[in-house]
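Hi there,

Here is the structure I promised to pass on. My notes on its charges and surface patches follow below.

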Amino acid sequence: MCGGHHIVGSIVGEVVRESRRDHGEHRSQYEKPQPSITQEVKLMYARGDIDSATYHRLLEMARSGELNWDDLAEIRRGASVAPAAPTTPAATRERDTDIVRALNRLYQHRTRLEASQRETEQVLERLEADAARLRQQAETAAEKAKAVADTDEASARAYLEVRQEALDRVQALEERITALRQDLARIEDLRAELATREAELKALEAREQLAELEASIREDLLQK
């Protein structure tokens with residue numbers, strides 16, 4: 001969202017409080033707001049007088065009885081200092097740039113994670129194949145050492161050295177294999193987090209679109 005939107009949204013609370021102090025209002029209990037105040041807030045949003053954040057905040061204040069006509073007048077004057085960008089009906093509005101930017105970054109992260117996952121899986125497959133080959137090599141060397149142990153002690157020792165070297169390499173590979181499997185588990189966790197965040201952003205975007213559509217519909221109904 002643009003900087004003006006954030007400015008307008010942040011000054012709403014201060015404007016309302018200052019307006020109350022200027023008019024000497026000290027209400028211990030708020031009366032239920034008239035529907036016309038809530039309707040005016042929606043019309044202000046439909047006309048583009050206020051942004052989405054301000055719209056939702058004012059609706060909450062109106063529904064809790066914390067908003068009156070003097071407050072709305074002050075907010076209009078405050079909004080003129082940092083005007084909100086005009087909104088359009090949800091059917092034709094452009095998507096929220098902050099949400100789109102965040103979703104694009106999520107897509108980029110997901111693409112990189114998927115590439116990392118494929119690469120890790122390929123390396124893991126090669127290492128597992130190497131480990132299997134070395135185990136077979138160690139087993140074969142052990143069998144040969146046993147076969148010549150009674151007739152050729154030197155050859156038996158050589159076969160046993162080959163066996164031990166193969167087993168040492170298998171152990172080193174197994175450590176790397178374990179680390180790669182942990183990396184794959186971390187990638188899956190990160191992908192799940194990205195999916196959750198993506199769903200949250202899309203839900204937020206849908207909520208804003210619904211709010212704008214509601215304001216547009218109500219304005220059209222009032223004009224008939």
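How many salt bridges does the count come to? The answer is 10, where a salt bridge is a side-chain nitrogen of Lys or Arg within 4 Å of a carboxyl oxygen of Asp or Glu.

Before the details: this is a predicted model, in which local features need pLDDT of at least 70 and side-chain atom pairs count only at pLDDT 80 or more, while totals for chains, interfaces and linings use all residues. Residues are numbered from 1 along each chain as its sequence is written, and side-chain values use heavy atoms, leaving out hydrogens and water.

R186 is exposed at 58% relative accessible area, whereas D183 is partly exposed at 30% (exposed is over 50%, buried under 20%, partly exposed in between, with a 1.4 Å probe and protein chains only).

R110, E198 and K202 are linked in a salt-bridge network.

On the surface, L210, L213, I217 and L221 form a nonpolar patch with about 380 Å² of accessible area together (patch residues have over 30% relative accessible area and no salt bridge, nonpolar side chains being joined within 5 Å and like charges within 9 Å). E121, E188, D189 and E193 make a negative one.

Best wishes

Terms used
Accessible areas come from the Shrake-Rupley method with a 1.4 Å probe; for residues, only the protein chains shown count as cover. Lys and Arg count as positive and Asp and Glu as negative; His and the chain ends are not counted. The place of a charge is taken as NZ of Lys, CZ of Arg, CG of Asp or CD of Glu.
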